Amino acid sequence: MLDHILKFMTLGTIIVGITAIYTALHTNNRRLGADIFLRYSDRISDLRRRLPTAAFHDEGADGTIEMTPDERRIVHEVIFSIFELFELKVHGFIPPGIWKIREPDIERVLSLPVFQQELAVVKVRFVKHPRFAAWLDQIGQAKA
């Protein structure tokens with residue numbers, strides 16, 4: 001009888017230990033995803049602050065928008081940072097709930113004329129990433 005009690009206690013200890021490890025890993029993954037998201041979000045925000053405010057206006061989108069080489073580089077960095085963030089989401093490093101917080105703002109930024117102009121230039125680089133290319137097309141069609 002004592003042998004059975006010891007076996008059940010051992011089994012209970014193992015189950016509690018496994019549950020604690022699973023909970024810790026799950027919590028750590030969520031924190032890691034949130035941390036990655038926040039770091040990328042901060043990077044994108046810092047880059048956006050370096051652009052002139054005129055870049056964030058929808059008016060005057062009839063033709064080519066003049067930019068300095070530095071402004072063009074910043075727009076490209078924002079686009080590629082968003083691409084990296086999107087790929088992290090696709091591969092499960094960023095939970096969908098966290099992505100949904102910032103997705104409308106990201107889509108709004110990518111739909112601005114300055115970004116649409118530069119997306120046309122760099123879009124060929126995303127040919128091997130069909131999900132991102134489809135998402136960009138979806139944003140572009142929603143703008144039209």
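Arg48 sits in helix 1, which spans residues 2–49. Helices here are DSSP runs of H or I with at least four residues, and strands are E runs of at least two, numbered from the N terminus. The model is predicted: local features need pLDDT of at least 70, side-chain atom pairs count only at pLDDT 80 or more, and totals for chains, interfaces and linings use all residues. Residues are numbered from 1 along each chain as its sequence is written, and side-chain values use heavy atoms, with hydrogens and water left out.

## Helix 1

Leu2 lies in helix 1. Leu2 is exposed, at a relative accessible area of 60%. Exposed means over 50% relative accessible area, buried under 20%, and partly exposed in between (1.4 Å probe, protein chains only). Leu2 and Arg49 are separated by 47 residues in sequence and by 70 Å from C-alpha to C-alpha.

Gly12 also belongs to helix 1. Gly12 is partly exposed, with 30% relative accessible area. Between Gly12 and Arg43 there are 46 Å in space, C-alpha to C-alpha, and 31 residues in sequence.

An unreviewed UniProt entry places a "transmembrane region" at residues 6–25. Such annotations may be inferred rather than shown by experiment; feature names are shortened and positions follow the numbering used here. In the model, residues 6–25 are 100% helix and 0% strand, and their end C-alpha atoms lie 29 Å apart.

Now return to Arg48. Arg48 is buried, at 17% relative accessible area. Contact means heavy atoms within 4.5 Å.

Ser81 is a residue of helix 2. Ser81 counts as buried, at 1% relative accessibility. With residues up to four places away set aside, Ser81 touches Tyr40, Arg43, Ile44 and Leu47.

Ile79 is another helix 2 residue. Its relative accessibility is 0%, so Ile79 counts as buried. Ile79 touches Leu110, Phe115, Glu118, Leu119, Val122, Phe126 and Phe132, again not counting residues up to four places away in sequence. Ile79 and Leu110 are 31 residues apart in sequence, yet 7.7 Å apart in space, C-alpha to C-alpha.

How do helix 2 and helix 3 pack, and at what angle? Helix 2 (residues 69–90) packs with helix 3 (residues 96–111) at about 150 degrees, and the axes are 12 Å apart. Axes are lines fitted to C-alpha atoms, for helices over the stretch in contact; angles run from 0 to 180 degrees between N-to-C directions. The crossing of helix 2 with helix 3 is left-handed, meaning that the near helix is turned anticlockwise from the far one by less than a right angle. Helix 2 contributes Ile79, Ile82, Leu85, Phe86 and Lys89 to the contact, and helix 3 contributes Trp99, Ile106 and Leu110. These residues comprise 7 nonpolar, no polar and 1 charged.

## Helix 4

Helix 4 is largely enclosed by the rest of the structure, because 7 of its 10 residues are buried. The buried residues of helix 4 are Pro113, Val114, Phe115, Gln117, Glu118, Leu119 and Val122.

## Aromatic pairs

The structure holds 9 aromatic pairs. Rings of Phe, Tyr and Trp (its six-membered ring) pair if their centres lie within 6.5 Å; planes under 30 degrees apart count as stacked, over 60 as edge-to-face and the rest as tilted.

One of the pairs is Phe80 with Phe126: the ring centres are 5.4 Å apart and the planes stand at 50 degrees, so the pair is tilted. Phe80 lies in helix 2, while Phe126 lies in the loop between helix 4 (113–122) and helix 5 (130–143), so this pair ties together parts 46 residues apart in sequence.

The rings of Phe86 and Trp135 have centres 4.9 Å apart and planes at 20 degrees, so this pair is stacked. Phe86 in helix 2 and Trp135 in helix 5 are 49 residues apart, and their pair links distant parts of the chain.

| Residue | Relative accessible area | Class |
|---|---|---|
| Phe80 | 21% | partly exposed |
| Phe126 | 1% | buried |
| Phe86 | 6% | buried |
| Trp135 | 5% | buried |

One aromatic cluster is formed by Phe80, Phe83, Phe86, Trp99, Phe126, Phe132 and Trp135.

Definitions and conventions
Ala, Val, Leu, Ile, Met, Phe, Trp, Tyr, Cys and Pro count as nonpolar, Asp, Glu, Lys and Arg as charged, and the others, Gly among them, as polar.
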